[in-house]
Each structure stands twice: as structure tokens, then as C-alpha cells.
Amino acid sequence: MRHTLAVLVENNPGVLARVAGLFSRRGFNIESLAVGETENPAISRMTIVVAGDDRVLEQVTKQLRKLVEVIKVQDVTRMEYVDRELALIKVNAEPSKRAEIIQIVEIFRAHIVDIGRKTLVVEVTGDEGKINALVNALKPFGIREMVRTGKVAMLRGTKDIITNGREAEA
């Protein structure tokens with residue numbers, strides 16, 4: 001099973017390396033990792049997707065909580081949350097094929113962010129399924145390069161990681 005963890009950490013140099021090292025030392029694979037500053041510049045938020053059973057999740061969570069810079073760890077997998085990824089996809093686009101590619105891009109509500117003589121760069125945001133579907137639709141044209149951010153996730157409504165997924169006071 002894939003688990004999505006929301007992790008609040010102190011925004012200090014080397015924290016990402018320590019978190020990644022923890023997974024590496026334990027032999028756990030990080031399927032997706034996104035990290036960035038929160039509304040508080042002293043705190044960063046990591047969204048980590050890891051595969052494994054409940055035992056693996058429990059081990060990972062316990063080890064994360066032992067790190068001094070880790071403020072909070074929350075498994076949001078079974079909670080109601082919104083998640084998104086961003087991908088940039090450079091696709092072969094001969095002039096005779098551009099209209100067809102543009103039509104596909106519009107269907108997925110994606111955007112063309114760069115036009116080259118023989119390529120287009122497409123920007124798409126959405127859940128993993130949407131991005132995978134667009135990638136599959138563009139494969140026949142020839143994908144030259146692609147980069148994905150990994151998943152970011154946030155609990156729905158007034159629930160948040162600080163309150164352990166309970167309703168927060170307004």
C-alpha cells in the first residue's frame with residue numbers, strides 16, 4: 001500500500017538530507033518527495049509517499065519522530081485530502097502535428113509554456129492519474145524530456161496537520 005505522509009520540519013540546512021538518509025538506511029524507497037516553506041518561514045512541509053504495509057509505515061513514522069528537526073508527522077492516507085503534482089513535458093511537435101497536440105493539451109486543461117521549432121513544453125497540474133493519462137496521450141508524438149514535482153497534499157476543510165486531522169478552531 002502507498003502511504004502519504006505530511007511532515008513538518010524546522011527550515012534548516014541539512015534537514016532534507018537527514019530525512020532522506022533515514023529512509024535510505026532503513027532500506028525504504030521514497031516514491032515521491034516534495035518539500036517547501038510553509039506560511040511560517042521557520043517551518044518547511046514535506047509530503048512523502050512511501051510504499052509498504054502498516055509495519056513499514058509505523059517504523060518510518062517512529063524513526064522520523066526521533067529526528068530533532070521533525071515537528072510533526074501525520075499519515076493522511078486514510079483522511080480526506082487534496083493532492084496535486086506538477087509536470088513539465090517536452091514533446092516532439094512538428095508543425096503538422098501541433099494542432100493535434102494542442103487539442104490534447106486543452107482536453108487535460110494543461111498549458112503550453114514554451115514553443116520551439118520542433119518541440120512544445122506542456123505544463124500540467126493535477127492528481128497522479130491525470131498526469132499519467134496526459135503522458136500516455138502524448139507518448140505517440142515522442143516525449144523528449146519530462147520532470148514531475150511529486151505529490152503535495154493538504155487535508156480538506158478546517159482539518160490540518162497541527163490538530164492531527166481534527167477540526168481546527170477558527
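Buried means under 20% relative accessible area, exposed over 50% and partly exposed in between, with a 1.4 Å probe and protein chains only. The model is predicted: local features need pLDDT of at least 70, side-chain atom pairs count only at pLDDT 80 or more, and totals for chains, interfaces and linings use all residues. Residues are numbered from 1 along each chain as its sequence is written, and side-chain values use heavy atoms, with hydrogens and water left out.

**View A. Arg18 in helix α1**. Helices are DSSP runs (H or I, at least four residues), as are strands (E, at least two), numbered from the N terminus. Because its relative accessibility is 35%, Arg18 counts as partly exposed. Apart from neighbours within four places in sequence, Arg18 is in contact (heavy atoms within 4.5 Å) with Pro13, Arg25, Leu67 and Glu69. Arg18 and Leu67, 49 residues apart in sequence, have C-alpha atoms 8.1 Å apart.

**View B. The largest nonpolar core**. Such a core is a set of buried Ala, Val, Leu, Ile, Met, Phe, Trp, Tyr and Cys residues joined through side-chain atoms within 4.5 Å. Among its 18 residues, Leu5, Val7, Val19, Phe23 and Leu64 touch the most other members. At least two residues each come from β1 (2-10), α1 (15-26), β3 (43-51), α2 (54-66) and β4 (70-75). A separate, second core has 17 residues, including Val91, Phe108, Leu120 and Phe141.

**View C. Residues joining α1 and α2**. From α1, Val19, Leu22, Phe23 and Arg26 meet Val60, Gln63 and Leu64 of α2.
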